[in-house]
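Hi there,

Here is the model I promised to pass on. Have a look at it first, and then read on for what turned up in it.

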Amino acid sequence: MGLDDLKRAEQVLPKKLYEKLLERLKRYNIKGKLANKVAREVIKEYERVQQTPGEAVGVVTAQSIGEPGTQMTLNVFHFAGVAEMNVTIGLPRVIEVLDARRTPSTPSMTIYLKKEYAKDEKEVRRIAAELIEVKLNDLISDTVMDLLNTRLLFTLDKGALRNYNVKPKQVEEMLKKVYKNADVKLLKDGRIRVKLKTEDVGEMYKLKSKVLDTYIKGVPGVTHVLPIRDKKEWIIKTAGTNLKKVLELPYVDPERTISNDIFEIAKVLGIEAARNAIINEVKEVLDRQGIEVDIRHLMLIADTMTFDGKIRGITRYGITSQKSSILARASFEIPLKHIFSAAVKNEVDPLQGVVENVMINQPVPVGTGIPKLIYKVKRSGDKE
Amino acid sequence: MNEQIIKDKIGAIEFRLLSPKLIKKMAAVKVLTPELYDADGYPMDGGLMDLRMGVIDPGLRCRTCGSKVRDCPGHFGYIELARPVIHVEFVDYIYNFLRATCRKCGRILLSEKEIEKFKERLEMASKEESLVRSNVLDEILKRAKATSVCPHCGEKQGKIRLKKPTTFIEDGVNLTPIDVRERLERIPDDDLPLLGMNPQAGRPEWMVLTLLPIPPVTVRPSITLETGERSEDDLTHKLGDIVRTNQRLAENIMAGAPQIIIDDLWELLQYHVTTFFNNSVSQVPPARHRSGRILKTLADRIRGKEGRFRHNLAGKRVDFSARTVISPDSYIKPDEVGVPYEVAMELTIPERVTEWNIEWLRKFVENGPDKYPGANYVITPQGRKRITKETKEVILQELMPGHIVERHLLDGDLVLFNRQPSLHRMNIMAHRVRVLPYKTFRISPVVTAPYNADFDGDEMNLHVPQTEEARAEAEVLMEVKHHLVTPRYGLPIVGGKQDYILGCYLLTLGKRKFPRSFVEQLMFSIGVEEIPDKKEFTGKEIFSILLPKDFNYVEDPEKCKGCKQKGSDACVLIKNGQLICGAVTKKLIGGGKGKLFQEYYKLYGPEKTLDLMHKVALLGVEFLMHEGASISLADTDLPEGAYEKIVERLKKAEEEVEKLIKLYKEGKLEPYPGRTPRETLEGAMMGILNQARDDTSKVLRKYLKKNTGTFTMIRSGAKGSTLNLILMVACLGQQSLRGERINRGFKERTLSLFKKGDIGVRAGGFVMHGYKKGLDPVEFFFHAVAGRDSLVNKGMRTPKSGYLQRRLVNALQDVKVLYDGTVRDSSGVIIQFKYGEDGIDVSKSDHGDIDIDMIIERVIGVG
């Protein structure tokens with residue numbers, strides 16, 4: 001008691017709340033006994049608002065995210081803002097994230113730059129331009145296929161070269177690097193000659209498109225870039241993602257730069273990061289729609305999707321397929337498959353979930369269904 | 001009706017294959033003949049409707065258990081198949097087993113060493129999750145299937161192919177079900193665990209049927225049409241086919257018919273058995289009724305939304321429920337529900353007779369079912385008896401402690417009230433009954449928000465809990481007062497609506513004075529009897545009567561400090577329970593963002609908040625009835641010259657857009673990065689036009705009369721917005737189709753009256769006129785287009801988000817907080833160590849947080 005309450009608060013309260021408490025005490029200049037009293041009251045309040053054991057938080061979360069779904073737009077693209085990257089928003093995006101689709105329909109990165117680069121607009125624009133993936137195809141105005149000599153002649157487009165800031169020599173080098181046993185040469189007339197080994201015409205056509213697809217520079221996967229002013233600094237939004245490559249770049253701030261591809265994040269930064277990405281992605285969509293949902297609900301969703309180290313969608317192949325209960329799986333989708341497989345494998349449904357018990361008319365094991373108090377009724381005629 | 005106390009619970013359900021032995025054992029009949037009835041229309045012995053398989057005809061008795069129609073659960077029968085048949089649903093498993101085991105010795109195609117190793121891994125896995133186990137099993141299968149020479153007997157393995165649905169081919173030679181069965185029989189028990197089977201629970205050869213269980217008659221009742229004709233169930237039809245084919249097959253075999261005929265019949269039998277189980281197997285033509293209708297067989301009964309699982313098992317029908325239209329009643333409390341007499345006399349509450357309430361209950365019985373408040377049934381140890389004129393005397397005489405009287409609903413009874421779609425838990429709440437005349441359910445508009453209800457014809461459901469436990473749970477968990485705060489974001493969603501807000505606004509606006517007599521009248525009508533000792537009251541003082549003396553609220557503390565205009569309506573200040581500044585608006589007493597209720601809730605808790613809401617609402621309507629409020633077309637009148645300004649502004653925007661279009665057509669428009677020039681143009685046009693429409697509101701604000709009914713309504717937040725005014729007075733603005741300007745219709749133009757290639761303002765669906773001025777035909781058309789678009793959009797969104805929610809609920813339904821504070825799923829796997837990282841229940845919190853400021857205020861205030 002007494003002076004220890006502040007110390008106790010430090011242990012009991014979550015860090016954020018404790019810090020808020022200290023900040024408020026400082027702001028109102030409350031010290032000593034009074035401060036302790038406040039701390040005591042805050043602890044009391046904190047304990048009062050704790051979750052009740054048995055609370056079906058899963059259902060509450062499902063409802064909290066599902067219910068406002070009816071209010072969300074179905075329009076896939078955000079259009080009104082003029083200088084914006086096209087990203088999927090609204091209900092389709094939420095569904096996409098929760099389904100844990102392998103790739104987002106509009107992959108995009110938000111690249112933050114290190115302080116020394118982030119201020120200068122020109123510099124940022126230059127950096128942004130460097131990010132775009134350039135393929136041979138982008139730099140070429142004409143392709144000639146010389147069937148007789150089995151070679152390809154590419155005419156470089158001067159305008160494109162200037163746009164993408166590429167020198168003809170660079171192109172030659174890249175091609176040489178990729179096609180080590182082909183004879184690549186930059187001709188004096190500015191064309192590039194690639195001599196092929198094959199004489200088969202079909203093969204040549206295949207090779208031609210392969211050569212055209214050769215990576216020259218930039219970050220593979222990035223198709224568009226858009227430098228945007230965000231408060232005091234410049235950031236770069238991209239269409240197409242390649243988080244790993246971007247994080248390796250010297251001018252990129254690796255701590256804040258992020259992609260909207262959950263699986264990519266899981267691969268590059270780990271499952272915890274993916275969990276946070278799920279939270280942030282859903283939150284951003286909801287915020288944009290002006291729909292308020294407490295962060296705890298998003299956490300619970302993200303945690304159920306990632307708790308075993310893999311990303312599992314809210315689908316019949318994801319979380320639901322992991323359930324131990326046969327009846328729960330069967331009641332969701334494709335019941336027959338589950339029942340027959342259970343029969344062959346001699347599975348046992350432990351009846352620990354909600355639907356299973358609904359099915360057999362027994363109390364569900366959540367909330368008031370958990371405590372098992374049995375009161376032995378003594379009838380008047382019974383003996384001790 | 002004997003009530004038995006059931007202490008036992010179903011602990012677990014085990015799934016197994018049905019063995020031929022068990023099929024025989026549980027069967028009451030061996031079905032021999034496809035005929036159903038004899039000449040007299042009596043069920044045939046050994047037929048599919050055999051009386052030993054249960055009864056469906058009233059009057060007859062079951063020959064197995066001796067019970068009558070409703071009491072006989074039905075009994076299985078069986079038929080002996082002349083030749084074994086493969087069970088379709090197990091085809092994939094059989095296929096795997098055949099490929100993973102030796103064709104000669106039946107052993108699994110793994111060396112002893114491998115077997116040992118895998119067994120060990122399985123042993124370990126079975127203690128862990130099922131997932132690891134199934135991964136190991138998959139690996140075993142893959143390895144065994146890849147082996148081409150048996151490590152046990154050295155036999156070279158053939159290549160087995162599955163020709164869907166049920167034919168197995170080994171190196172080009174068909175394997176008959178007999179062959180398949182023999183091979184499965186050869187697999188030794190010891191190898192079965194490696195294939196995922198438990199030899200104690202089932203043998204793989206049981207997946208090839210030699211006996212077919214016949215479901216009881218009660219499962220496939222026939223119906224008698226009005227003509228007296230019998231119409232059999234689809235299953236019976238299908239079973240008839242099976243028995244008939246089986247019989248023919250048996251006869252042909254006996255007669256020594258050629259192999260081709262036997263094989264044909266065998267295949268036909270296989271087809272019938274296959275479609276009996278599942279009539280929508282791919283590559284099998286579905287079996288049809290004579291009329292061409294596709295038969296509904298076993299699988300169809302189980303799957304889908306109307307199947308056994310989702311329709312009957314996961315969702316159940318209930319008694320003691322009612323449904324009608326809802327209508328508003330400001331005079332009943334938010335936690336009450338008005339119930340029509342007709343409903344109250346049909347729904348009952350079982351009340352156990354004791355020595356103390358027998359006289360009270362006797363009155364209900366005396367009234368009977370037709371006089372309110374009466375009772376419909378009395379349950380005695382002898383059974384449930386309906387109270388009628390004839391039975392009443394006897395029942396009354398016999399009534400004694402221990403009986404149960406099912407009495408009509410009374411005021412104050414707790415019932416559950418529900419509006420679909422039930423998307424969140426506030427869609428079912430417990431209300432107190434108020435029995436009222438007329439035939440609708442009445443609810444206070446204050447609680448429409450959580451139900452998302454309005455009164456344009458909405459219907460709602462009412463359920464009467466029948467046990468003490470149910471009532472106790474309803475009271476503790478489901479009452480309206482427990483759901484004022486939404487668990488979605490932790491703020492009250494219940495609050496004032498339209499008339500209440502307008503009434504309170506008009507009352508508290510300015511410094512109008514009201515005589516004591518008026519105030520007495522007003523306050524008495526809302527149930528407040530104590531009013532301060534004063535001759536005259538201002539509107540703000542009247543409102544303050546509802547507030548407790550220690551209630552404080554400041555809308556904007558910073559602004560308030562330097563503010564000298566006490567009593568102005570700019571912002572709200574409540575000090576010591578007195579409304580000093582500010583008019584009451586939606587911001588203060590509305591639902592969702594009503595600050596007053598938010599603060600009040602934190603201080604005084606749910607009951608008092610609900611009470612305050614009710615009183616504020618009443619004060620609003622009562623005052624509004626004295627004051628009156630009306631809106632008029634004249635509210636939208638503009639002084640001379642003002643409308644021209646609006647037109648001017650829109651013209652200007654049009655010109656700007658024309659310039660852009662010109663630029664675009666000349667190809668000089670600088671595109672935004674990552675956008676085509678056309679997209680850039682569209683974006684820019686949208687921007688200019690929307691800006692233009694918004695700018696017209698400035699004109700409106702300047703010229704429109706401020707003291708009109710419409711404007712008051714908007715200012716108070718009761719209904720309508722400035723946007724609505726713009727739409728009426730100025731212009732409707734850009735109509736959009738799929739989020740873009742209208743850009744389709746005819747070839748290169750939106751309507752035939754435009755020139756080809758016109759992408760201008762009008763052709764893109766910009767509506768220059770407001771509702772008052774009226775739209776021209778082109779505008780009217782585009783407006784209709786946009787209207788239809790939003791309708792379609794809504795129609796697409798509802799099922800999508802509905803499915804999302806179903807999936808979410810299904811995935812998360814078992815997730816709960818345990819006594820140790822962890823969040824786990826039904827198998828006990830930890831999902832979070834502490835709910836939401838801090839364990840805070842959002843619905844108990846203040847917007848997901850703890851209000852430290854309030855605590856400090858309270859502590860310092862006390863001392």
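Before the findings, one definition: two strands pair if DSSP finds at least two bridges between them. Helices (H or I, at least four residues) and strands (E, at least two) are themselves DSSP runs, numbered from the N terminus. Residues are numbered from 1 along each chain as its sequence is written, while chains are lettered from A and ligands numbered from 1 in the order in which they are written. Please keep in mind that this is a predicted model, where local features need pLDDT of at least 70, side-chain atom pairs count only at pLDDT 80 or more, and totals for chains, interfaces and linings use all residues.

**Confidence**

The model scores ipTM 0.87 and pTM 0.88.

B:V817 has B:V823 as its bridge partner in β30(B).

**Where the chains meet**

The contact between the chains takes 96 residues from chain A and 88 residues from chain B; two residues are in contact if their C-beta atoms, placed from the backbone, lie within 7 Å. On the side of chain B that touches chain A, the largest share comes from helix α25 (residues 777–812) of chain B, with 14 residues. That side of chain B has 42 nonpolar, 25 polar and 21 charged residues. In this count Ala, Val, Leu, Ile, Met, Phe, Trp, Tyr, Cys and Pro are nonpolar, Asp, Glu, Lys and Arg are charged, and the others, Gly among them, are polar.

Strands also pair across the two chains: strand β11 (residues 348–349) of chain A and strand β1 (residues 13–14) of chain B are joined by two bridges and run antiparallel. There, A:D349 has B:I13 in β1(B) as its bridge partner.

**Chain A**

Chain A is divided into domain 1 (4–48), domain 2 (134–217) and domain 3 (323–369), with bounds that come from an automatic or database domain assignment. Taken over C-alpha atoms, the centres of domain 1 and domain 3 of chain A are separated by 46 Å.

In the loop between α16 (335–345) and β11 of chain A you will find A:N346. Its phi is near 55 degrees, a positive value in a residue other than glycine. A residue is buried if 20 or more other C-beta atoms lie within 10 Å of its own, exposed if 12 or fewer, and partly exposed in between, with C-beta atoms placed from the backbone. A:N346 counts as partly exposed because it has 18 C-beta neighbours inside 10 Å.

**Chain B as a whole**

Chain B has 26 helices and 31 strands. Its C-alpha atoms fill a box of roughly 110 × 95 × 70 Å along the principal axes. The radius of gyration of chain B is 38 Å, whereas a compact globule of 863 residues would have one near 29 Å (taken over C-alpha atoms, with a globule rule of 2.2 Å times the number of residues to the power 0.38). Of its 863 residues, 37% count as buried.

**Backbone details in chain B**

Two cis peptide bonds deserve a look:

- The bond from B:Y372 to B:P373 is cis, with omega near -10 degrees; B:P373 is in the loop between α11 (358–367) and β13 (375–380) of chain B.
- The bond from B:Q420 to B:P421 is cis, with omega near 0 degrees; B:P421 lies in the loop between β16 (414–418) and β17 (428–436) of chain B.

B:Y438, in the loop between β17 and β18 (441–443) of chain B, has a positive phi near 75 degrees and is a residue other than glycine. B:Y438 counts as exposed because it has 12 C-beta neighbours inside 10 Å.
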